[in-house]
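Here is a short briefing on one protein structure. Keep the sequence and the 3D view open as you read.

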Amino acid sequence: MIIRTLSDYCKEKFGTKVYRLSLSTGCSCPNRDGRAGRGGCSFCSEGGSGEFATKVKPIEEQLEEAKDRVKSKFPKDIKEEDKKYIAYFQSFTNTYGDVDRLGRIFKTAILRDEIAALSIGTRPDCLEDDMLDLLNELNKIKPVWIELGLQTIHEDSAKAFNRGYSLSVFNKAYIELKKRNIEVIVHVILGLPGETDKDMYETVRYLANLNPKLDGIKLHLLHILKNTRLEREYREKPFKILSLDEYTEILINCLRILPESVVIHRMTGDGDKRLLVEPLWSADKKRVLNTINKAIREAKR
Ligand code: SF4
């Protein structure tokens, strides 16, 4: 089994290690404000979901602050001009807003010398033609990565967590992005209520067989967070929570299904410990990473 991690890929592509700068566009989410749905995805926490557009600092200021937050990660002897970053718009639905306003934000970031690529998290139902044109234009300047939170291919599970769009919407957006040579990274959640191992493998197999080929994947563990609909559902009617060993086994099998070309951006989630209800084992990040890395080493033999 060969795994192409994000770090390997960045070294290949940019010739150096790059760090992500967490930035915000201030966009809201159509799955909360009524355009696509109300209440949001069941696992999405109130604070983290961006249910309301937030007033954000100017992008120049955000970039400087974010660079300051990651500066200790670089080796001491690296020159300032050699430091490279990915401008990462992760939270909320970052293509859900005025195209001109978003264009100004994305261009300010991408045109800076230290920015190697843009990574934009969004929903496939928020990629209208004018937004696709903007992404196409940006992608000609530097690489643009679009992250889509599909989570599962199974419509029943998607309805249960209130994703607010069908698989066909994802398929259409995927084709439109790939037509423009934009890299697509798909998020998948392992451990959704009611999903069996087989269901999860079907999702990953579907993604592994996409044509054009998928660029990257983020495999997440389902987190139940405080004050979410998922927490209420879990307390009323507990469902199966994966143990660390079960998660690791499923993860390794998913990695086996994926072609070597797919970049593995993430192998577990990074939930807010203060909000975590279950699985509690996931709070011990060191143990989780050690277990996963050991299983990968064994799988590679
Ligand atoms: S997970 Fe994303 S799409 Fe779902 S409610 Fe939260 S912000 Fe919206």
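P212 sits in the loop between α8 (197-208) and β7 (216-221). Its peptide bond with N211 is cis, with omega at about 0°. The model is a predicted one: local features need pLDDT of at least 70, side-chain atom pairs count only at pLDDT 80 or more, and totals for chains, interfaces and linings use all residues. Residues are numbered from 1 along each chain as its sequence is written, and side-chain values use heavy atoms, with hydrogens and water left out. Helices (H or I, at least four residues) and strands (E, at least two) are DSSP runs, numbered from the N terminus.

- P279 is in the loop between β10 (276-278) and α11.
- N162 has a phi near 65°, which is positive in a residue other than glycine.
- The loop between α6 (155-160) and α7 holds N162.
- N162 is partly exposed, at 21% relative accessible area. On this scale, buried means under 20%, exposed means over 50%, and partly exposed lies in between (1.4 Å probe, protein chains only).
- N181 is not a glycine either, yet its phi is positive, at about 60°.
- N181 belongs to the loop between α7 and β6.
- N181 is exposed, with a relative accessible area of 61%.

**R180 in its loop**

- R180 is found in the loop between α7 (167-179) and β6 (183-190).
- Is R180 buried or exposed? R180 is buried, at 18% relative accessible area.
- Neighbours within four places in sequence aside, R180 is in contact with L132, D133, N136 and N139. Contact means heavy atoms within 4.5 Å.

**The sheet**

- Strands of a sheet pair through backbone hydrogen bonds, either parallel or antiparallel.
- Here, eight strands form an open sheet with parallel pairing, in the order β1-β9-β7-β6-β5-β4-β3-β2. Two strands pair if DSSP finds at least two bridges between them.
- Which strands stand at the edges? They are β1 (4-5) and β2 (18-23). Each has a single partner strand, so one side of each is left without a neighbour in the sheet.
- Strand β4 (residues 115-122) and strand β5 (residues 144-151) run parallel and are joined by five bridges.
- G121 stands opposite E147 in β5.
- Helix α5 (residues 129-141) packs on the sheet and touches β4 and β5. The direction of α5 makes about 130° with that of β5.
- Seven of the eight residues of β5 are buried, so β5 is largely enclosed by the rest of the structure.

**H187 in β6**

- H187 is part of strand β6.
- H187 is buried, with 13% relative accessible area.
- H187 and Q151 are 36 residues apart in sequence, and 5.5 Å apart in space from C-alpha to C-alpha.
- Leaving aside neighbours within four places in sequence, H187 has contacts that include E147, Q151, K218 and H220.

**Helix pair α4 and α5**

- Two packed helices are described by the angle between their axes and the distance between the axes.
- Helix α4 (residues 99-110) packs with α5 at about 10°, and their axes are 11 Å apart. Axes are lines fitted to C-alpha atoms, for helices over the stretch in contact, and angles run from 0 to 180 degrees between N-to-C directions.
- The two helices α4 and α5 are therefore roughly parallel. Angles under 35 degrees count as roughly parallel, over 145 as roughly antiparallel, 65 to 115 as roughly perpendicular and the rest as oblique.
- From α4, the residues V99, L102, G103, F106, K107 and I110 meet D130, M131, L134, E137, L138 and I141 of α5.
- That contact of α4 with α5 has eight nonpolar, one polar and three charged residues. Ala, Val, Leu, Ile, Met, Phe, Trp, Tyr, Cys and Pro count as nonpolar, Asp, Glu, Lys and Arg as charged, and the others, Gly among them, as polar.

**Helix pair α10 and α11**

- Helix α10 (residues 244-257) packs with helix α11 (residues 285-300) at an angle of about 45°, with axes 10 Å apart.
- That angle makes α10 oblique to α11.
- On the α10 side, the contact includes L244, Y247 and L251, and on the α11 side it includes R287, V288 and I292.
- The contact of α10 with α11 has ten nonpolar, two polar and three charged residues.
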